[in-house]
Amino acid sequence: MSQEQPRGDEQEGIKDGVDEHEDMSKICADGGVMEQFNRKGALNIMTPPSLVQEMVAKDGGSRITIGEALEAAVLTAGKKAVEWSDAAAIQAAEVRATGRTNIVPGGVAAAAQSAATLNARATRDEDKTKLADILTDATSKLPADRAATRRDAEGVMGAEMRNDPNLVTHPGGVSASVAAAARLNQTNN
């Protein structure tokens, strides 16, 4: 039996009418992730009101925090099952947001690691924990938060790539959201 795992787009195929590889790439390329941050009002009908209020209220709405970037990942990749690469990216984001060298017990990263472990053992997709289950209200779950920078985006992206069997990031996922936030913060300075 081969230990090589199928690529994510071969394994999951088309779900919910979205071919994850091609359509998510188009969404990101067309500014889908960036557009979420550019609109300071309601992001879509499923956006929690707390996310909109926090995005506008913090720093006058001019700087996007790492926690807000994690919450934005729910909108683009919330239906995706948590994998090891996602858990690593969330851990890197939490460490950078809090300034600690380890993860917070009971925090977002700990929940993501637990979900990735359980998802690796689950056989049915319905039984797997999704990113939305972990990252909803991420800002309130972080003990500290700060504006996303380019260095933060690079660290989160590196963590996600290192822990992916194909050494790629998920379009519209955790690292893409942090990168979009960092890019907007850099242009708003």
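Helices are DSSP runs of H or I with at least four residues, numbered from the N terminus. The expected span of a helix is 1.5 Å times one less than its number of residues. This is a predicted model, in which local features need pLDDT of at least 70, side-chain atom pairs count only at pLDDT 80 or more, and totals for chains, interfaces and linings use all residues. Residues are numbered from 1 along each chain as its sequence is written, and side-chain values use heavy atoms, with hydrogens and water left out.

**Helix α11**
- Helix α11 covers residues 174-188, 15 residues in total, and its first and last C-alpha atoms lie 21 Å apart, close to the expected 21 Å.
- Its buried residues (under 20% relative accessible area, 1.4 Å probe, protein chains only) are V174, S175, S177, V178, A179, A180, A181, A182, L184 and N185.

**Packing of α5 and α11**
- Helix α5 (residues 66-77) packs against α11 at about 125°, with the axes 8 Å apart; axes are lines fitted to C-alpha atoms over the stretch in contact, and angles run from 0 to 180 degrees between N-to-C directions.
- In contact (heavy atoms within 4.5 Å), A69, L70, A72, A73 and T76 of α5 meet V174, S177, V178 and A181 of α11.

**Packing of α6 and α10**
- Helix α6 (residues 84-98) and helix α10 (residues 150-162) pack at about 155°, with their axes 7 Å apart.
- The two helices are therefore roughly antiparallel, a term for angles over 145 degrees.
- S85, D86, A88, A89, A92, A93 and R96 of α6 touch R151, D152, G155, V156, A159 and E160 of α10.

Notes: Buried < 20%, exposed > 50% of the residue type's maximum accessible area, 1.4 Å probe, protein only. Parallel < 35°, antiparallel > 145°, perpendicular 65-115°, else oblique.
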